[in-house]
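Please look over the sequence and the structure shown below before reading on. The briefing that follows is grouped by topic.

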Amino acid sequence: MGYTTREARDVRREFLRMFMKLKTRLDQGRLALVMSVADLYFQPDRVQDEEIIKELMIQYPEEGEAIMELMPAWKRWGYEEGIAEGIEQGIEKGIEQGIEQGVEKGQAEIIRKLLLHGFTPEEVSKAVELPVEKIKKLM
């Protein structure tokens, strides 16, 4: 619409302030729809929205909570962060499992070679510090 950055921020702030007043007149579904349309129009900026919300929550503490519940962009950002965090944790867990499997395979290979060179399961058990039953299972 040709707003300057400052004007766009002021328009967004006023929209959110008016939105707080609508909360008492509209149901949750309609509020979410209005907020979604506003997010499409205003291209929300996370940092700017956080600043605006802080300002509004200071001026209107009860209504400020309502905005945070209904902001689709914030929900999307939270969802994206959750996905990224989950992927990161999944990668870490996969690496740990891969290391464990590699260690187990390496240990099994050493046990196999010791047994092929004539060591008894009891001797191998002492050398690799594993129970004899596990050594016999690997045979």
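Serine 125 touches Leu130, Pro131, Val132 and Ile135, leaving aside residues up to four places away in sequence, where contact means heavy atoms within 4.5 Å. This is a predicted model, in which local features need pLDDT of at least 70, side-chain atom pairs count only at pLDDT 80 or more, and totals for chains, interfaces and linings use all residues. Residues are numbered from 1 along each chain as its sequence is written, and side-chain values use heavy atoms, with hydrogens and water left out.

Setting of serine 125
- Serine 125 lies in helix 6 (residues 121–128), helices being DSSP runs (H or I, at least four residues) numbered from the N terminus.
- Serine 125 has a relative accessible area of 10% and is therefore buried, a term that means under 20% relative accessible area with a 1.4 Å probe, protein chains only.

Nonpolar cores
- The largest nonpolar core has 10 residues in all, including Phe15, Leu31 and Ile52; such a core is a set of buried Ala, Val, Leu, Ile, Met, Phe, Trp, Tyr and Cys residues joined through side-chain atoms within 4.5 Å.
- Helix 1, helix 2 (28–42) and helix 3 each supply at least two residues of this core, and the largest share, four residues, comes from helix 1.
- Another core, of six residues, lies apart from it, and Val124, Val128, Leu130 and Ile135 are among its members.

Helix 1 against helix 3
- Residues of helix 1, including Arg9, Leu16 and Met20, meet residues of helix 3, among them Glu51, Ile52 and Leu56.

Terms used. Buried means under 20% relative accessible area, exposed over 50%, partly exposed in between (1.4 Å probe, protein chains only).
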